[in-house]
Amino acid sequence: MNSMRLPTWLRVVLVIGVFVLATGAGLFAYRWYNKPVTLTIAVGSLDGEAGKVMSAIAGRLVSMDAPVRLKAIETGSALEAAKAFSSGKADLAVVRGDVGDLSQAQAVIVVAKAVALLIAPPGSSISDVPGLKRRTVGVVGGEINRQVVDVLTKEYDLAKAGVAFKNLAPADTRRAIESKEVGAILIVIPLTEKYLTLVRNLFPQNGKANPVLIPIESAGAIAQTVRAYESFDVPKGTLRGAPAVPDDDLTTLRVSLYLVANKKLGDDLVTSLTKALLAARRDLIGELPILAQVTAPDTDPDAYLPVHPGAAAVYNATTQSFLDEWGNVIYLTPMVLGGLATVLAAAWKFLGVGKPQTSEAALDSLYALGRRIRKAKQESELSDIEEEIDGILTAQRAKPISGDEETMDVTTLNVTAHRLENVIHDRRSMLAMRPASGSVA
């Protein structure tokens, strides 16, 4: 009953204020719930290409308004990226399968496949790995290829054969070949035109002799022992077409470059990330040809690097169906609408819109008319007040009478109305006397 005694304008202001506050809180909660999640990604390569690719993908995710965004942490190599990831400095990383601590890593996508190439200078007589006896092999990239060196040394017993390995920076490789500091080089690269051109430029372009690709015939045995690797046949003519280099398919080792996620990241988040990355790849593949090598990782339970469950849901087509994804919304919507209707009904009742006056409220209205009657300055005002009194009494008499209490309220209303009629009569008499008084004066 106290709320009914508040002025109507105050009740309206209160309802509008509550509505504005509730709407603002709802919008804030909606924006907070739907704001993009930013993940840090450690990435690095000797030529900086990996960082450029990830920056392009990160930019594309922003333009797509993807629910997941990437913030790149530049490192010097895939080895440094793996170190940053394992130390917890990044949520994601682009790593090589044979480098670093990947115990907390789960695969999201395979970014590329890197192939190990053993190459001797033009005119060399070396035709196989045992032919490297008592030679120095330049390892382009140095430490990042330490695992490849170790498996080759163990498989072919190169330490006993007197084979030495020397780390080389990419910029120093051609000089080391020309000065014969090394009898061959070991380089691990994706087989894309950009990287193949880089390899071709390491050797003299005299047209009379071609570099010699040395096969790793035991690649299959190595892959069975060290699961980070797989046996791969380099297609004929990959390095040069005429004459073909190699002149036939050549067996060697291949290792995958993965984009990995910390296994603690939520499945739904990684599912959104995987979908966004695949969409960005489709849009960027024209300007970044290396993205053509992006593939799904091995989803088998015994895979070398387990796939993240969120990514596996995308590749295995086990993402939530429409009902799975929206079932809760469909179920909760009627409840929310019902609650909203209840709130609106309460506000409507609070405002008193369309609600017939109770006997007590009618009495309050009649009492308020007494002040208006005494202040009335024209006959028309009194006529309007009489109509209001008639309206209040008519509305109250139309209500069914049940019980002594309501009968007493109606009687009180009639008495009050009769008193107001007397006050109106007196005020009317006073107004009628004013012109006469004015004429005498």
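This is a predicted model: local features need pLDDT of at least 70, side-chain atom pairs count only at pLDDT 80 or more; totals for chains, interfaces and linings use all residues.
Residues are numbered from 1 along each chain as its sequence is written, and side-chain values use heavy atoms, with hydrogens and water left out.

**Figure 1. Overview of the protein.** The accessible surface comes to about 24500 Å², and 58% of this area belongs to carbon and sulfur atoms. The secondary structure consists of 13 helices and ten strands; helices (H or I, at least four residues) and strands (E, at least two) are DSSP runs, numbered from the N terminus. Of the 441 residues, 39% are buried, where buried means under 20% relative accessible area, exposed over 50%, and partly exposed in between (1.4 Å probe, protein chains only).

**Figure 2. Helix α3 and its packing.** Helix α3 spans residues 78-86, and its buried residues are A78, L79, A81, A82, A84 and F85. These buried residues pack against β1 (37-43), β3 (92-96), β4 and β10 (250-262); contact means heavy atoms within 4.5 Å. After α3 comes G88, with a positive phi near 85 degrees.

**Figure 3. Strand β3 between its partners.** Because five of the five residues of β3 are buried, this strand is largely enclosed by the rest of the structure. L92, V94 and R96 point one way, whereas A93 and V95 point the other way. Strands β1 and β3 run parallel and are joined by two bridges, with L92 of β3 as the bridge partner of I41. Strands β3 and β10 run antiparallel and are joined by five bridges, with V260 of β10 as the bridge partner of A93. Two strands pair if DSSP finds at least two bridges between them.

Figure 4. Rolling a probe the size of a water molecule over the atoms shows where empty space is left. On a 1 Å grid over the protein atoms alone, a cavity is a set of points where a 1.4 Å probe fits but cannot get out, while a pocket is an open set with protein on both sides within 12 Å along at least five of seven lines; lining residues have an atom within 4 Å of a point. Grid points are joined across faces, edges and corners, and a volume is the space filled by probe spheres set on the points. The structure holds two cavities of 30 Å³ or more, and the largest cavity contains about 70 Å³ of space. The lining of the largest cavity is formed by M54, I57, I109, V111, L277, L278, R281, L291 and V294. Helix α8 contributes the most to this lining, with three residues. By class, the lining has eight nonpolar, no polar and one charged residues; Ala, Val, Leu, Ile, Met, Phe, Trp, Tyr, Cys and Pro count as nonpolar, Asp, Glu, Lys and Arg as charged, and the others, Gly among them, as polar.

**Figure 5. The second largest pocket.** This pocket has a volume of about 520 Å³. Among its 26 lining residues, S45, L46, D47, P190 and Y195 are the closest to its centre. The lining divides into 20 nonpolar, three polar and three charged residues.

**Figure 6. Residue T238 in its loop.** T238 lies in the loop between β9 (229-234) and β10. T238 counts as buried because its relative accessibility is 17%. Leaving aside neighbours within four places in sequence, T238 is in contact with L191, L196, R200, V245 and P246.

Conventions:
Accessible areas come from the Shrake-Rupley method with a 1.4 Å probe; for residues, only the protein chains shown count as cover.
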